[in-house]
Amino acid sequence: MTTDPTSAEAHRVWEQWIALWNGDLALGKELLAERLTVHSPKLSDSIDPSLIGDRDGALALIGGVQGIADLTYTTEVGPIAQGAYLTGGWRFAGTYRGGLPEATAAPGTPVANRGIDILRIEQGQVVEWWSAAENLQLLFTLGLLHAG
């Protein structure tokens with residue numbers, strides 16, 4: 001990737017990243033390195049993205065998000081590229097289908113979230129990924145976090 005923040009390569013990789021999260025899991029083989037590192041906070045006792053170390057684990061996490069009906073990810077900011085790093089802001093919205101371990105939200109509950117991802121790219125593939133999202137509201141909505 002070049003350091004040009006408007007480079008075609010940066011946009012291609014980011015568009016594939018968003019398409020992957022929108023359910024095109026077949027892109028994972030091309031986009032994600034076989035071994036990769038994830039930096040993301042633990043969401044629940046059973047969901048800890050920082051334990052992921054390979055493509056299959058990342059695709060299992062991303063595929064799990066597909067438990068949200070009519071899930072749509074959109075880009076809010078970026079992509080912005082510098083050297084091997086690519087970042088962008090995203091938003092998603094959908095409807096909870098149910099079945100997430102530990103969640104108490106009823107199926108049909110509307111969900112939304114937004115955040116930023118930073119991707120480190122080597123040879124056109126994601127080898128490291130940082131995610132920072134506004135997860136507190138999402139966790140409350142799903143019943144994975146309770147006040148008090």
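**Close-up views of the predicted model**

**View 1. The largest nonpolar core.** In this predicted model, the largest nonpolar core has 35 residues, and Trp-17 and Trp-129 are those with the most contacts inside it. Two or more residues each come from helix 1 (8-21), strand 1 (32-39), helix 3 (55-65), strand 2 (68-82), strand 3 (85-96), strand 4 (110-122), strand 5 (125-133) and helix 4 (135-142). Helix 1 gives the most, with 7 residues.

**View 2. Surroundings of Trp-129.** Leaving aside residues up to four places away in sequence, Trp-129 touches Trp-17, Trp-21, Leu-36, Thr-37, Val-38, His-39, Ala-58, Leu-61, Asp-117, Ile-118 and Leu-119.

View 3. Asn-135, Leu-138, Leu-139 and Leu-142 are the buried residues of helix 4. Seen down the helix axis, they fall within an arc of 100 degrees, so they line one face. Residues three or four places apart in an α-helix point the same way because there are 3.6 residues a turn. The buried residues of helix 4 pack against strand 3, strand 4 and strand 5, while Leu-136 and Gln-137 on the other side are exposed. Just after the helix, Gly-143 has a positive phi of about 80 degrees.

View 4. Gly-78 and Pro-79 are joined by a cis peptide bond with omega of about 10 degrees; Pro-79 is in strand 2. Asp-70 also lies in strand 2 and, although not a glycine, has a positive phi of about 45 degrees. Asp-70 is exposed, at 53% relative accessible area.

**View 5. The loop between strand 4 and strand 5.** Gln-123 lies in this loop and has a positive phi near 50 degrees. Its relative accessibility is 85%, so Gln-123 counts as exposed.

Key
Residues numbered from 1 in each chain as written. Predicted model: local features only at pLDDT ≥ 70, side-chain atom pairs only at ≥ 80, totals over all residues. Heavy atoms only, no water. Core = buried A, V, L, I, M, F, W, Y, C linked by side-chain atoms within 4.5 Å. Buried < 20%, exposed > 50% of the residue type's maximum accessible area, 1.4 Å probe, protein only. Helix = DSSP H or I, 4+ residues; strand = E, 2+ residues; numbered from the N terminus. Contact = heavy atoms within 4.5 Å. Arc of directions from axis to C-beta.
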